[in-house]
Amino acid sequence: MNLLKKNENKYDEFKMENSEKKIAIIYGNCHTTAIRQFLENDDLFCAKYAIYPIKAIQEVNNPEYFKGAVFKNCDLFIHQSIQKNNRYGEEYSSEHVMKNLKKDCNVIAIPNIYHLPLCYFPQYREGRELKNIYSKTIFFRDNIIDEGVKSGFSIKTIVEDYSRQGRYSYKQIKELYDRYIERVTMREKEWTIKIAAFLQENKNNVLFYDPNHPTNIVIQYICKGILNELGYKINYDFNMNGVEILDEYHMPLCRDVTDYFNINYELENETFRKSGNKIIRGPMRIEDYVKQYISLLWQDKTFNRRIRTSAQGRYLLYQCINMKRRTGGLKYNDL
């Protein structure tokens, strides 16, 4: 049985199980998983719609997938306004995918703010991401750690550098923020759900875990916008049971950022990546974040041999600790 036929059979079964409801699909990146879970927790939405769980854009290996029965027959298409020049190819763009929809399908374009809020993470830099031995990205690049390690700083000093005032100037952060709002304002002309005003009004809240992933404050706003667009007047908070948080790549906010945006944020009490994506199991605080990041620097040849050898030793130590923990031989506090 070919893949397209297999997908069609799955859709037919889903349609039969939800014969009294309209079929909705949500197309986009990892954000759409949380959006789907929010909507599936809402009684008003679920009374009328059933969401068929299509693949996220990064999971689609062949654009033939978009010719499947669910795209041809869905009643509601919620999409993240994927542009033509996306990294996967023009055939993955919202405009191209929508050619497969039926004429009376209701279409809602939601915000796509992936990689836009760099103003909250001025330490982020483009470059080869740090991955584990299974080629899964664990850390985006962080200049505070990279520069600190190259300068020979201790872990304690690197941790303190996040809380040091004056690393990033008011002007630098303002320029990043203005560029971010300008890009959102320009792009939201194509979106059904507008978000620029909301982002500005709530800039003193923690709205993003990293430059690519919003917190549930943003996800919930988008979901309320979807329901309002469908005619439901929503003024309550959603049920959070079973809703994933997108904190797999959670990065710290540094002092200059929290001062600029007046964010109430205590770095020393922050717990990172509650959903996982760590080198070593257990709670991740800022010191753990720095140590685990450093343990992957053996992959980066811009660092000297001494640093890379030390990093590899730390990484191997973590693997041994994980193995001992799985057999009950070591507790987290023993590290």
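Two strands pair if DSSP finds at least two bridges between them. I kept that rule at hand, and I noted that this is a predicted model.

**Entry 1: the sheet.** I looked up strand E1, residues 22-27, and its partner E2. Three bridges join them, and the two run parallel. Ile 23 stands opposite Ala 50 in E2. Next I checked what lies against the sheet. Helix H2, residues 31-40, packs on it and touches E1, E2 and strand E3 (76-79). The direction of H2 makes about 150 degrees with that of E1.

Then I asked in what order the four strands form the sheet. The order is E2-E1-E3-E4, the sheet is open, and the pairing is parallel. Strand E2 (49-51) and strand E4 (106-109) are the edges, each pairing on one side only. Neighbouring strands are turned by 25 degrees against each other on average, direction ignored.

**Entry 2: the rings.** I searched the whole structure for aromatic pairs and got 26. I picked out Trp 298 and Tyr 315, a tilted pair with 5.8 Å centre to centre and 55 degrees between the planes. The pair links distant parts of the chain, 17 residues apart. Trp 298 is in the loop between helix H12 (286-294) and helix H13 (305-326), while Tyr 315 is in H13.

Which of the two is buried? Tyr 315 counts as buried, because its relative accessibility is 4% and the limit is under 20%. Trp 298 is partly exposed at 22%.

**Entry 3: a cluster and a charge.** Tyr 27, Tyr 65, Phe 66, Phe 71, Phe 77, Tyr 88 and Tyr 92 form one aromatic cluster. Elsewhere I looked at Lys 150: its charged end sits over the ring of Phe 303, 4.8 Å from the centre.

Methods. Residues numbered from 1 in each chain as written. Predicted model: local features only at pLDDT ≥ 70, side-chain atom pairs only at ≥ 80, totals over all residues. Heavy atoms only, no water. Phe/Tyr/Trp six-rings, centres within 6.5 Å; stacked < 30°, edge-to-face > 60°. Buried < 20%, exposed > 50% of the residue type's maximum accessible area, 1.4 Å probe, protein only. Lys NZ or Arg CZ within 6 Å of the ring centre and 35° of its normal. Axes fitted to C-alpha atoms, helices over the stretch in contact; angles between N-to-C directions. Contact = heavy atoms within 4.5 Å.
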